[in-house]
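Please read the notes below with the model open beside you, and check each point against what you see. They are written for someone new to reading structures.

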Amino acid sequence: MASVTASSVSISSLSCSLKQNQVFNLKKVSFSVSRKSFPSLRLQPAHRRFHVACAAKPETVEKVCEIVRKQLALPADSAVTGESTFLSLGADSLDTVEIVMGLEEEFGISVEEESAQSITTVQEAADMIDKLVEKKA
Amino acid sequence: MKLHCFDRKFFHSSPSLTPIQLPSPMETHLWYVIPREVKSESLLNKYLDILSPCEKENVFQMRGEEPRKNALLARALVRTTIARYQINSQVSPRSLRFKKNIHGKPELEWQFSDHGLSPPLHFNISHTSSLVACGVTMNSQIGIDVEEKHRTIKHNILTFARRYFSKDEVQYLAAILDPEVQRQEFVKLWTLKEAYVKALGRGFSGAPFKTFTIRYKGVAGGSFNPLEDLNPEALQMVVDSFDDPIELTSNWQFVLLELVGSHYAAICMENNVDIEGKRTVPVKLTVWKTIPFLEDECVSGTDAVKTVSGLK
């Protein structure tokens, strides 16, 4: 899914139109290009289900949205989805770091500084969390 | 992956922008806008009008009226500020072009360069929800960061510092007993560290916060209390970088201000002095409060600007 994500991002970036209100995320393009590692596509042994470890669970995304809302003091009805970048929600660098710390506490994980700095959207945060939680288990 | 932004080359003059002389070496100009004071729809539309199509798109991607307005003001402030310097008479806010360096730091793209060298005018912006600022220098890298003085940190400050700051900085903060003072010093330190990283232009990951210490000059181990010792020399901020042995502490100068009583503003400037002298030339700072196209006010020396450290 990660490679699909990357290619779908690069496809949409080629058609950067100048329409207003487009949800197209410029930040995601640069992130994907410079990303060093991708979530691995793991094949489990035959007796287990085919398991693709790269898309975060909806509950994780939901939890991340909640933490982001709290940190940025956003109203409960504000639009926060997986696609949302922290930047577009009004987060500055200090907010982003606090969000990551909040996620670490909530999920009982530890995020390396380099990984923390590369997270720009709710979905990316959720993906990373699920990966780390799984590693812990 | 190149995104092509249309470039409108008609030169629309803006008679309502006061032209300003370029800053001299080791001089910084700081311009700020208070978003709350910008209410006119027509003025905001004027700002929108000078943005490039890509910048407009970024503005509209922001969720919520306030973040959108701030993004708009940030870009408008950069364009109108640089245009004031009338580098040549054909510069207008809309005609300015920007590019990013290899690490993603925005820079001015010089359209009319005679000698093909990179433009000598440097800038950096920072904004909170309540203040947008732009710093400008000549021939020096610059980084600025502004934060609300009373910004609350959701986490325990020392936990946060242990996680992200250097050991010396943690020690410095841990020695402060009053929680409110500790919080203030934390915010100040954050702005200084941000300003340094932005001045370096390597991005957050290019200079992780843990790899350098910013401290008062008089201190080597955190024992000195800057709140008691009023020696201005000792109050100068310096940076010790662990990763970069070539990075001399005297290469970078810091200024820390309190703006309009509500914000801390940190400015980090490259020290660009004579090679023979290698003396640290004091930074000269001029601050303007502005509503572009509407009004400017030089606020240096007034209550709006209070020096915390770095200026004589």
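In what order do the elements of chain A run from the N terminus on? They run α-α-α-α-α-α, where helices (H or I, at least four residues) and strands (E, at least two) are DSSP runs numbered from the N terminus.

1. Basis of the model. This is a predicted model, in which local features need pLDDT of at least 70 and side-chain atom pairs count only at pLDDT 80 or more, while totals for chains, interfaces and linings use all residues. Residues are numbered from 1 along each chain as its sequence is written, chains are lettered from A and ligands numbered from 1 in the order in which they are written, and side-chain values use heavy atoms, with hydrogens and water left out.

2. Confidence. The model scores ipTM 0.74 and pTM 0.78. For chain B the mean pLDDT (the predictor's confidence in each residue, from 0 to 100) is 82, and 78% of its residues reach 70 or more. Over residues 1–15 of chain B, however, pLDDT stays under 50, and the model has 25 contacts for this stretch beyond four places in sequence; a contact means heavy atoms within 4.5 Å. Where pLDDT is low, the predicted coordinates should not be read in detail.

3. Chain A as a whole. Chain A has six helices and zero strands, and of its 137 residues 45% count as buried, which means under 20% relative accessible area, with exposed set at over 50% and partly exposed in between (1.4 Å probe, protein chains only). Among its contacts with a separation of 6 or more, residues 24 or more positions apart account for 58%.

4. One residue in chain A. A:Thr60 is found in helix 3 (residues 58–71) of chain A, and this residue is buried, with a relative accessible area of 4%. Not counting residues up to four places away in sequence, A:Thr60 touches A:Phe107, A:Ala126, A:Ile129 and A:Asp130.

5. Chain B as a whole. Chain B contains six helices and 13 strands, and 53% of its 312 residues count as buried. Of the contacts in chain B between residues at least 6 apart in sequence, 64% join residues at least 24 apart.

6. A sheet in chain B. Five strands of chain B form an open sheet in the order 4-5-1-11-12, with mixed pairing; two strands pair if DSSP finds at least two bridges between them. Strand 4 (121–128) and strand 12 (295–298) of chain B stand at the edges, each with a single partner strand, so one side of each is left without a neighbour in the sheet. Within the sheet, strand 1 (residues 27–33) and strand 11 (residues 284–291) of chain B pair in the parallel sense over six bridges, and B:Glu27 stands opposite B:Lys284 in strand 11 of chain B.

7. Nonpolar cores. A nonpolar core is a set of buried Ala, Val, Leu, Ile, Met, Phe, Trp, Tyr and Cys residues joined through side-chain atoms within 4.5 Å. The largest has 62 residues, and those touching the most other members include B:Phe160, B:Leu173 and B:Phe186. Helix 6 (residues 179–200) of chain B gives the most to this core, with 10 residues. Apart from this core lies another, of 38 residues, among them B:Leu77 and B:Phe98.
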